[in-house]
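This briefing is intended for a reader who wishes to examine one protein chain by topic. Please consult the sequence and the model alongside the points that follow.

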Amino acid sequence: MLLARALRAAAAAALPAPRPLLAAALPPRAPRPGPALPAPAPAPARSLWQLGGGGGRAALLRPRRGSAGSVSCGCGGLHTEGDKAFAQFLADEIKEEKKIQKHKALPKVSGGWELEVHGTEAKLLRKVAGERITVTFNINNSIPPSVDEETQEVQKPDEQEPDITSTPNFVVEVVKDDTKQTLVLDCHYPEDEVGHEGEEESDIFTIREVSFQPTGEADWKDTNYTLNTDSLDWALYDHLMDFLADRGVDNAFADELIELSTALEHQEYIKFLEDLKSFVKCQ
């Protein structure tokens, strides 16, 4: 037994030592020199910041043509480039209209008429020997077409356009003291009579309808008889025109009413442009 153990120990001592693992025995390998490789490209981003074209939020929120811009005030409305151009156009238009405005204040009508204005509606009031005469008109839709198609073709480019004139329909109310009825005469300006200065005997306004209405009531009754002058006897019609002339409603009055209505219409037009500009600019 002792001999066998001695032989095995001698054999083990004669064997070479075991080789260590390659990774542990070898030193780290230095990288092989060569051309530097470019850095890998970043993955495409999908954030709004990158999609804005690299310009940040300013580029992202910049309004495109035809689209609404961002709100620039606390009104909550849109403010586009079109609104800006519109407001500038209105500012220029207001300036030009004020240059050609003939009356800064409304002209007076001769004959002791008192004027009351409520927006686009105006009233002229007069008292004569126990009677109250009221003339009411509204400037809305009171400007007739200035030229027709044939006139536009004949008109030369350097010719000045005719002045805009307001010729509203007007209603004459005649009230006598201690009566319950009001005589109402509906009048208008025929287009073929306005502006004919050489014809003194021609009336520049006509009576269209005549009726009686209850005095003091705001709403007139459609059930009351209304006389249409289209089929009226000329003698009766002439007496009605003389009736108005005796109370100050004649051709001279009608001319002054046109001047007053034109001035009021122009004043309201300028005010409308100013309101429209403020609305567009949100002021």
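Is E274 buried, partly exposed or exposed? E274 is partly exposed, its relative accessible area being 29%. The model under discussion is a predicted one. The protein chain contains 8 helices and 7 strands, and 25% of its 283 residues are buried. Among contacts with a separation of 6 or more, 59% involve residues 24 or more positions apart.

**Helix α5**

- Helix α5 spans residues 81–99, a run of 19 residues. The distance from its first C-alpha to its last is 28 Å, close to the 27 Å expected at 1.5 Å a residue.
- A87, L90, I94 and E97 are the buried residues of α5. Viewed down the helix axis, they fall within an arc of 90 degrees, so they line one face of α5.
- The buried residues of α5 pack against α8.
- Exposed residues E81, K84 and K99 are carried on the face of α5 that is turned away from its buried side.
- The N-terminal end of α5 is capped by T80, of which a side-chain oxygen lies 3.3 Å from the backbone nitrogen of G82.

**Helix α7**

- Helix α7 comprises the 12 residues 234–245 and reaches 16 Å from first to last C-alpha, close to the 16 Å expected at 1.5 Å a residue.
- Y237, L240, M241 and L244 are buried in α7. These residues cover an arc of only 100 degrees around the axis, which puts them on the same side of α7.
- The elements covering the buried residues of α7 include β4 (170–176), β5 (181–188) and β6 (206–214).
- At the start of α7, the backbone nitrogen of A235 has a side-chain oxygen of D233 within 3.0 Å.

**Salt bridges**

- In general, side chains of opposite charge can pair when their charged atoms come close.
- The structure holds 7 salt bridges, among them the pairs described below.
- E96 and K99 form a salt bridge in which the closest N and O atoms are 3.6 Å apart. The two residues are 3 residues apart in helix α5, and are therefore separated by about one helical turn. E96 is partly exposed at 41% relative accessibility, whereas K99 is exposed, with a relative accessible area of 59%.
- E274 and K98 meet in a salt bridge with an N to O distance of 3.1 Å. This pair links distant parts of the chain, with E274 in helix α8 and K98 in helix α5, 176 residues apart. K98 is partly exposed, with a relative accessible area of 39%.
- E131 forms a salt bridge with K176, and the closest N and O atoms are 2.2 Å apart. The pair links distant parts of the chain, since E131 belongs to strand β3 (residues 131–138) and K176 to strand β4, 45 residues apart. E131 is buried at a relative accessible area of 7%, while K176 is partly exposed at 41%.
- Salt bridges with shared partners join E131, K176 and R247 into one network.

- E265 is found in helix α8 (residues 251–281).
- E265 is buried yet has no salt bridge. The nearest side chain of opposite charge is that of K102, 12 Å away.
- Leaving aside residues up to four places away in sequence, E265 touches I139, S142, I143 and S166.

Note on methods:
Residues numbered from 1 in each chain as written. Predicted model: local features only at pLDDT ≥ 70, side-chain atom pairs only at ≥ 80, totals over all residues. Heavy atoms only, no water. Helix = DSSP H or I, 4+ residues; strand = E, 2+ residues; numbered from the N terminus. Expected span 1.5 Å × (residues − 1). Buried < 20%, exposed > 50% of the residue type's maximum accessible area, 1.4 Å probe, protein only. Arc of directions from axis to C-beta. Contact = heavy atoms within 4.5 Å. Polar contact = N/O pair within 3.5 Å; in protein donor to acceptor, adjacent residues only side chain to side chain. Lys, Arg positive; Asp, Glu negative; His and termini not counted. Salt bridge = Lys/Arg side-chain N within 4 Å of Asp/Glu carboxyl O.
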